[in-house]
Each structure stands twice: as C-alpha cells, then as structure tokens.
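Subject: Structure handover

Hello,

Here is the structure for your files. My notes on it follow below.

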There are 2 protein chains.
Amino acid sequence: MTGSCVFAQSGGPTAVINSSAYGVIKTALDAGCITRVYGAANGIIGVLGGKLYDMAAEDPYELSLLAHTPSSELGSCRYKLKPYEQDDRDYIKILDVFKRRDVRYFFYNGGNDSMDTCAKISRYFNSVGYECRVIGIPKTIDNDLCGTDHSPGYGSAAKYIATSVAEVYKDNYVYDTGSVTIVETMGRHAGWLAGSAALAELSGAAPDLIYLPEVAFDMDRFIYDVKSVYNDRQKCLVAVSEGICYSDGSFVSEADVSATDGFKHAQLGGLAAVLSGIVKQRIGIKVRGIELSLLQRCGAHLASKTDVEEAFGAGVFAVERALDGASGKMVSLRRAPGRYGCEFALEPLETAANNEKKVPREWINADGNYVTREFLDYALPLIQGECARVTENGLPRFARLKKVLV
Amino acid sequence: MTGSCVFAQSGGPTAVINSSAYGVIKTALDAGCITRVYGAANGIIGVLGGKLYDMAAEDPYELSLLAHTPSSELGSCRYKLKPYEQDDRDYIKILDVFKRRDVRYFFYNGGNDSMDTCAKISRYFNSVGYECRVIGIPKTIDNDLCGTDHSPGYGSAAKYIATSVAEVYKDNYVYDTGSVTIVETMGRHAGWLAGSAALAELSGAAPDLIYLPEVAFDMDRFIYDVKSVYNDRQKCLVAVSEGICYSDGSFVSEADVSATDGFKHAQLGGLAAVLSGIVKQRIGIKVRGIELSLLQRCGAHLASKTDVEEAFGAGVFAVERALDGASGKMVSLRRAPGRYGCEFALEPLETAANNEKKVPREWINADGNYVTREFLDYALPLIQGECARVTENGLPRFARLKKVLV
C-alpha cells in the first residue's frame, strides 16, 4: 500500500530506543511505497497536535548516530487514550491528521501502555474503515512486557547495572574496615533489573543479597540477612529493586516504619537511603546507599551491542512486516533454542497491552534474597558485546537532528 | 643502591590508581638492583603489621590488567602517623620491617595526607641514618593536590561525570513537561569534579548551573537561579559539589534549614536529595536528585586513556628517579605549553602534604554558578581517549592477583 508513515516514541526512554527509531526510519526512507516518513514529537501527543518532523530532511550520518544516542530523540509522553467507545475525540483528531497526510503506516515504540494505545488506534481505524497498518515495537528497561522473550532496552540497562555493581564491589574492599552498600535499581513491579546485579559474579564481584518485588519484603528478615553476611566478612553488598513491597502490597520506599524502627522516612532520597538509614540504626554499622536513578536507563556509553542490534532489527522488522500487510501486531523477540540467537516474530498487541511479565518465582532462591542460575542463563546473553563508542573531544557524539516540522 | 622495595596505596581509590601500581611494580620487577618487590596490604597499615605481598609471584598478564581495574587492589587506609618527635613507635615498627626485608625503596601512592605520611617517614629515616629512597605518587579524583598540574584519577572521574551529565541531559528532554535535575558530585573542599560537569557542553548537553565549594552558597540565590532557568525553558539541570557551604563555613548537606524552609534535613540521602526537597517545596516543581556517589571514582569502564597512561607513567617515573637516587619527593605532572602534553618532574613532598588546591576564583563566573572557558581549557585534555575495554562475558575482566604473603 502506498502512503506515508508516522513513527513515534512513548513511555520511559532506554539506551537503545533510538536504535529502533533508526531501524524504522532508515527502512521506511528506503521503502519505495512509503512516500513520506514523519516522526511525531512526544509520542501520540505530537500526532494529536499535528507536530510532525520530516525525517527525509535529516542527514543520513546523523540518523545513524541514533544507534548510540540515549533518551527518546523525538520526545516521549505518558498519555493514555480513553476507549474510543467512551470518548472518540482524540481518535477523530488522529484520523484527521493521518488522512490529511495520507498516513498508511503507524509505528509506535513503547512499553505495555504504549501497546494499549496502539491496539486502541488499530481497532478504531478498523471500526471506521480507515486503512492503516499499525505495528508496536517493544522497549522497556524493566523487561516486563508480555509476548516477547525480552524487551530491547533491558540488556543495556542490565549491563550498566552489572558493570556498576562490579565496580562498586571492588571499591567496597578498599579499606579493611566494615561496610554495607545498598544499590537501588529501577523496576517498580518486576525484578529483572535488580536481578541483573547478579551478573557481576562473572567479574568475580557478586552482590551478597538481591531483593526483588516478586517476593514480599520482610524488614526483620532483611536485617537478619545483612547481619549474617556482615558478621561473616565485614562487608555486605545489596542490590534492591525500587519496587519491593511488604506483604500488604505497600512499597517499602513509602512506608512509615517509625512505629517499629523509630525511624521516620522523610521525603528525601529513595529506597536505598531509606534502607541505609534502617540498617545504620538497627545494626549500627557504616552503610552507603547508591541509587542508580536515571543513569541506568540513559547509560548509552555502556550499551550492550546485542541490545543495540536487536533494537535496530526490531525497527526494521516492523516496517518490513507492515509492508507485507501486517497490522495490529507487536514485534516479538524470540530466543532460538541452543546457543543464543534472537528471531523476530509478531504477536497480537493485546498480549502486551497492560500486562506485566514478572520474574518467575522459581528463578528466585527459596530465601527470596538472590536469583538462581536460570535467571543468569536468561540474562547473560542479553548484555554481550561492546559497541564502538562514537566520541568527539572524549565525550559522546550524539545524533544532532534538524527536526524540520512539516 | 641494591635492596628491596615496598609499594603501597593510600586514601580513597580512583579508577586509575592501579595503573600507577602497575607502573611501579612492572618497573621495579625489571630493575636489576631491586631484589624483591613487595606490595603492602592496606597502605601503611600493612607495612606496620608486616603484611606484605610478593609481587614477583603474580602472573604478568594479571598485573597488566591492573591498568583497567578500579579500586585500590592492594587495599588502602586512612591512617595518620603522629610526628615522630612526639611518638616514634610506629616509625620504629616500620624501620624494623624495612631492615628485616632490606627495603631501600618505598613508593607511596595517595593524596595530601599520604604525602604527609611519606614526608614524615622520609625525615625519620634521615634522622636515624637509615638509607631508603622515599617517593610519593599522586592520586585523587578531587584534584586538590598542590605541586602538580593535575592528579592521576581526576581525568577519569571528570570524564565519568561529564558523560553521565550529558546522558542525563538527554534523558531530561524526553517529556514535554517541566523538570529540574540536580546531580551531586564528590569534592568536599574543591570544585574540580563539579566543574567538570560543564564539559558536557561539548556533547551539546551542558548543565545550566554549577555550584562549587569555592564560592559561598546562598540558598535564596540558588532558588532564584533555578527558577530563572526553569521559567525560561521548563527544564533545569544543576551540578553541585557535595562540599558546598554557606558563608559561615557550614556544609549545606548538613545544615538544618528548617527555620527558613520549614524543611528539616533528615539523615537520609545526600546533598542532592536535600536540595531537591528544598526546590520542590519552594518552587513547587518536579525535581530529581542524582548522587553520583562511588560510581564516579570506580567507573573504570569509562576511564580516560590520557589518565590511565599518565597514572602508569607516574609510577614508572617514581621508580626510575628513585633508582637515580631521588628521595623525599613527590612525582609532579607538568603541562607542556601549547598543544597538550604531560611531563613528569619531582617536587618536595611537603609541597603537597596537607595542602589543598582549589579552583581559582577567576575560573568561576561572577555569579558563582558556572565555570569559565579557562576551566574547560584546563580540564578538557585530561578526559581524552577511550581505553580498549577488557571484558569477559560482556563484563569487566579485573586483575586477579594471588596476593602471596611473605
């Protein structure tokens, strides 16, 4: 089908989401029957406002640098469309823009909320008989998307976390005095990121304890664990997911444990700071909390080559399958059996939309304070490979797009 | 002079202090008149306790990996020797160990406290007529050592900070909503690290405001600065040194500003968290604090090649000059005029001992909220060059020493 295409980015960024952008844009620019390639500013918000960039106006070298540029270069959003049966005003606007620009291909790169957006738009277009092929491209550092073995973005974040934890481990053994260090990763509902800290054991620098949101957190048990490790070796390195919660579902980072600990959580710092304060008070030892914060999702200088290539491939595959006639699907990454290999396939958008893939309980040890060999076997292939760093003046050379509005 | 040598590491680690270790150990092992090469565990503490490793027992390939291994591989300490005129017990122990092992060369790698230790030992040996050549090798991420243009360790920390700030900048522009981000660097008394955040402007990703300990901090002025930038572009990226203090000398990170802000600092998180809380309360906008913490001093994966090579060279130079007869000196790095080049020289240990080199006031702008072109010209050459990353399984391959005790 001949017509133009719109590509947009949505949700939290990753180190490699722009690599998917490059895969889509490059393939679409090269496709004979795609007449114009538009990038929407800030996801679906740019579509709604008709704020579209002409991707053909960009220098090809600058576009190629997207593969090494963190963040969402076109801008992102966290905008949820209402079901069109309830309120179709947004859909009418989107349809209007698409008709005006003869958009027949729509590629949306995001997480489970974004797949929900994609699915709704796809169904709406069907309902009004507007022919447009809609394909979702997965991304999330959290790796919690259903319908795909893993999500582009996860491997690079995992590599950043494992490398940083390995380096912090080395730092922790500098002095012969006791110390506890608590490293906080992202992962609000799933422990894929926290678990990746265990990969540092391949550098001979494993954390001692890891806590994931999949297992209810018990403060007394945590204190017991830390104390046991510390008594054994005068050091303790802990990785913890920001999303750990008590058995009642309340987040540890937000709970007021002053009743039990005499320790009022202030609205300062994150979970690492909260846990550090409690360990300091209850065990009376030197503790340091390190929150990896945004660094873990924008650390493109340490991106996994495997991840960068898969993210690019997912973008290429999306365009190729749309040209073949596919629509209403999400690109899925499948792990070939045996030696690691990744194949692309399509899954219904609804498989991913609004679902969350957790770390299987059996990939976490019985005590709920570390991951198993199965977890390591799953995650290790995803962090392989070093990208050639593109630098200028010793600093990252990011893509510089002109962003010409149409 | 024929005899054995002792090498030891002291003070906080850097990404490249082990590169200096490699320079010393390799050169000493190759030197005909150095009979044994000992590495002391945990700095002067290992010397005092006679805990010495035989460096000749190490595999040469593993030793070479020290150039890419963060932290102080032999262990470090923060131990201050009393003046021997007041209390010579430690000195008698050191002399006893040195005599027993026929130690005639002593290399101590550290910051200003360590140069003080070195100077005292050197003077004591002179006073008792024990012939031993004592050379200090500079290191510190803080770059506050006097008697040297810059210190090994600073360039890599600066590169880590500038790269991370550039990546965080990209992340900050993902959403079209307003946000303020405050990145906290180390640097208790000098702003060299905070200032290095400005290098991110060469990635097109400069922070908006930088606060250094050299200028008295004014909270109202800070709030005004942030508000001005934010009103202009709905974003504000701030870099701040952990050591900023009010005009009365009290650290902002420790001050209780509840009287003026209704905001009581809890013992949670660091300065970034404290300032974030205040900005949130006084301006009412979304703020995120990021503390670079240990990551900035152990991030060997992002080490500056220039820094790694200079650290190695400083170790080599120390041994060569000691073999020539030098003693009671610190290795000094000198900047050749014109195009950047580094030459080594010797300075009296006393030049560095217990002094602190601050950022010149004229390298900070009049408003005290950014650095000048002179600062950038000074720091930029030090972050140049990418090291070939030595990895295994996608993770850093650190040196694995046997550490055979003698």
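Is the crossing of α1(B) and α12(B) left-handed or right-handed? The crossing is right-handed (left-handed would have the near helix turned anticlockwise from the far one by less than a right angle, right-handed clockwise). This is a predicted model, in which local features need pLDDT of at least 70 and side-chain atom pairs count only at pLDDT 80 or more, while totals for chains, interfaces and linings use all residues. Residues are numbered from 1 along each chain as its sequence is written, with chains lettered from A and ligands numbered from 1 in the order in which they are written.

Helix pair. The axes of α1 (residues 17-30) and α12 (residues 305-324) of chain B come within 7 Å and cross at roughly 35°. Helices (H or I, at least four residues) and strands (E, at least two) are DSSP runs, numbered from the N terminus. Axes are lines fitted to C-alpha atoms, for helices over the stretch in contact, and angles run from 0 to 180 degrees between N-to-C directions. Residues in contact have C-beta atoms, placed from the backbone, within 7 Å. Among those making this contact are Y22(B) of α1(B) and F312(B) of α12(B).

Sheet. Chain B has an open sheet of four strands in the order β7-β8-β6-β9, with parallel pairing (two strands pair if DSSP finds at least two bridges between them). β7 (209-211) and β9 (287-291) of chain B are at the edges with a single partner strand each, so one side of each lacks a neighbour in the sheet. Seven bridges join β6 (residues 179-185) to β8 (residues 235-241) of chain B; E184(B) has V240(B) as its bridge partner in β8(B).

Regards

Conventions:
Two residues are in contact if their C-beta atoms, placed from the backbone, lie within 7 Å.
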